Structures are given as structure tokens and as C-alpha cells.
Amino acid sequence: MKQKLSIFLIICLLISFQTIFGQANLSFVRVSPKTKISQNIGFANIDIEYSRPAVNGREIWGKLVPLGFAPNPFGNGNPMPWRMGANESTILTLSHNAKINGQELNAGKYSLHAIVNENNWTIIFNKDVDGWGSFFYDENKDALRIEVHPIKSDFKEWLTYEFENFTLGSTELVFQWADLKIPIKFEFDQHNVILDTYRKELTNLQGFNPAAWGAAARYCLQNNINLDEAVIWIDKALGMNGGNNFGNKSVKAGLLTAKGMKEDGDKLMQSSIDDATEAELNNYGYQLMNQNRLDDAIEIFKLNIKKHPNEWNVYDSLAEAQNTKGDKKSAKENYGIALKKAPENQKSRIKTIMENL
């Protein structure tokens, strides 16, 4: 009986090993290597993961990659677009909402597909990122379609995606393979991306630092955006240990003015101005200039000269405000005083300004 039981157990183990090893395929070298590239645009990020087929002497457009929809003997059996790569689906990830060739697309992860035609392509951003290639493509899951025109280019053996033509808030994702390339423009609302980043950071360690709350509020003031939330942020800074300072008070005053409460803002500054340092008064003067309050800025710069007559920078700032207003005579006079007091590394700049007045 024990012998029969032992034989039975051995048979069961053999069957189990056959099952396990039959399913455990070895790794293999991909003919079309897989790669991933990422690009930061400001605080936004674009990732694209794809496999890179080679031309390998084949005719690509209209042959290897059919025009229009291709027959689909596998998957869901429906005619399918091209996967814009090889093997698994080509996957694009956006950290923030973006405009793609001028059309809105929400942050998220998308599979890329293309309906290829001779003179124009339809690029498809599809919400299904788990399907293999385009074999299970479902147009009901399309998030966006854009029409593009392929451009003749230098020959590219391996399919490539690259980022080109950067600005602070945009870039082009350039697809290139064989003799064609297609640039796709991505644009991000820089202010929204920055504010979203600040909101997240202020719930982290930065949220314990009054300077972080003040900096976020100052950004809003400088760009005249998000004023209501900015007031909440600056009040948070003012209420924290070390945050109740002239710099933060000047930001709140500026925000109140921007919200139509200039009298309240000026009253706040008047109660604080006597204790301000030279640098703080200087910054406040430039804040006023940024709000197109040139006369008020000039008065602050003059007050700074009265309090700090030996500092070259106070004359330089007053001269800049006077020059901006068009009072070149007064500007030249104060630039002259600044030139005499300035360190050597500033003299050339001031001389050039004076020559151009």
C-alpha cells in the first residue's frame, strides 16, 4: 500500500513539473527592442514607451503598414489601425492636461494608434492601455483623434520618437521611421501646472515652511492669477512662526490691491514700512512697478534712498522707475549717483544704460 502511494505521489509531482516548466518560457532577445523616453516641460511630464522595428529592407508604407484599416484575424476580429510601433501597444503618459495640436487631452495614460493614408494620417489616443498592439482596438475608447500630414525626411532605419522644439510650456513629439516623420505639438497651461505642483508640495514638508506659502502666493501676485487662493496662502504664511514679515505683508497688500481693495493694501503696508530693510523696500517698489503703480514705486524708492543714502542699489532702482515713466533727466541723474557708488561688476551695465538714455 505504501509503495502504491509513493508511486502515485511521484506521478503527481512529474505532472506538476511538466505543467510548471511548460509554462515558464525563457526570455528572448527582441527583434524590435523596447524603449521608453521621458521629457519634462516645466513641471509637466510626457512619457512614451514603445518597441522599435527596423526597416530591414522592407517596403513600409502601404505594405508592411497597410493603408487604412488592416484585417484582424486575431483579437476582437475587427479591422484595426496601426499600433505606431511593434509588439505591445505604444503607450503615452501625460502628467497634466495638454493640448495636442491644439486639441484638449486630459492627463492620463493612452495607447497610440494610426490610420495611415498616403497624404494624411489620423493619430488616435485610446484609453485602452492593456490590449496587445491594435488587435483589441475599440474606437469607443478613443479619447482623441487628430489629423496630421507626414513629412518626407531623411531615411531612418529604426522607428524613433524624439522631443524637439522646446518652449517653457510646449514641445513637439516627433515620430520618424523610414522616409517619413510626423511632429505632434504638446502644449501645457504653465500656470495651471505650476499651481497644481505647488498645491501638492504644500501638503508635504514644504507646508511647514512659511517661505513656501509666501512664494506660492507671490507667484500668483506676479502673474495676476488665482488671487482668492493666494490670499489664503499668504495668510497661512503670515500666521506661521517667522512668516509675519514685511515681505509677506507686501505680497498680501499686492493681492488685496489686485482684488480691488487698494485702500486695505496700502493701510497694511503703511503700518509695516518703518521696519523694512533696504532689500525689502526695494522688492516692494518693484512689486508696485509690476502692478503699473509707477508713481507709488518711485515714492518707495525715494524713501529707500532717504533711509539708506549710501547704498548704490537704491539709486539704481529709482533711476529704473523714472526711466520707465519717461523722466530720463532724473533717471540719468540717479544712474550717475549709482555709478559712483556701485561695485566694479555693476559699472559697465550702468554705463551702458546711461549711454542709451
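**A polar contact and its surroundings**

Modeller: The side chains of Asn282 and Ser317 make a polar contact at 2.6 Å. Please keep in mind that this is a predicted model.

Colleague: Where is Asn282 placed?

Modeller: Asn282 belongs to helix H7, which covers residues 278-290.

Colleague: And is Asn282 buried or exposed?

Modeller: Asn282 has a relative accessible area of 8%. The cut-off for buried is under 20%, so Asn282 counts as buried.

Colleague: What does Asn282 touch, leaving out residues up to four places away in sequence?

Modeller: Asn282 touches Phe301, Asn304, Asn313 and Ser317.

Colleague: Let us change topic. Which strands make up the open sheet?

Modeller: The open sheet has six strands in the order S1-S2-S3-S6-S7-S8, and their pairing is antiparallel. Strand S1 (34-41) and strand S8 (142-148) are at the edges with a single partner strand each, so one side of each has no neighbour in the sheet. From one strand to the next, the twist averages 20°.

Colleague: How many bridges are there between S6 and S7?

Modeller: Strand S6 (residues 108-116) and strand S7 (residues 121-126) are paired by six bridges in the antiparallel sense. Among these pairings, Val116 has Trp121 in S7 as its bridge partner.

Colleague: What about S10? Which strands are joined to S10 by bridges?

Modeller: Strand S9 (residues 151-164) is joined to S10 by eight bridges, and the two run antiparallel. Strand S4 (residues 98-100) is also antiparallel to S10, with two bridges between them.

Colleague: Which residues are partners there?

Modeller: Ile100 has Phe186 in S10 as its bridge partner, while Glu162 stands opposite Val174 in S10.

Colleague: How many residues lie between the strands in the hairpin of S9 and S10?

Modeller: That hairpin has five residues between its strands, and Asn165 takes a positive phi near 55° there.

Colleague: On to the cores, then. How many residues does the largest nonpolar core have?

Modeller: The largest nonpolar core has 39 residues, and Trp61, Trp82, Trp121, Phe125 and Phe175 have the most contacts inside it. At least two residues of this core come from each of strand S2 (44-51), strand S3 (90-94), S4, S6, S7, S8, S9 and S10. The largest share is that of S10, with eight residues.

Colleague: What does Trp121 touch, again without residues up to four places away in sequence?

Modeller: Trp121 touches a set of residues including Trp61, Trp82, Ile146, Phe175, Leu180 and Ile182. There is also a second, separate core of 27 residues, which includes Ala297, Trp312, Leu318 and Met354.

Key. Residues are numbered from 1 along each chain as its sequence is written. This is a predicted model: local features need pLDDT of at least 70, side-chain atom pairs count only at pLDDT 80 or more; totals for chains, interfaces and linings use all residues. Side-chain values use heavy atoms; hydrogens and water are left out. Two strands pair if DSSP finds at least two bridges between them. Helices (H or I, at least four residues) and strands (E, at least two) are DSSP runs, numbered from the N terminus. Axes are lines fitted to C-alpha atoms, for helices over the stretch in contact, and angles run from 0 to 180 degrees between N-to-C directions. Buried means under 20% relative accessible area, exposed over 50%, partly exposed in between (1.4 Å probe, protein chains only). A polar contact is a pair of N or O atoms within 3.5 Å; within protein, one must be able to donate a hydrogen and the other to accept it, and residues adjacent in sequence count only if both atoms are side-chain atoms. Contact means heavy atoms within 4.5 Å. A nonpolar core is a set of buried Ala, Val, Leu, Ile, Met, Phe, Trp, Tyr and Cys residues joined through side-chain atoms within 4.5 Å.
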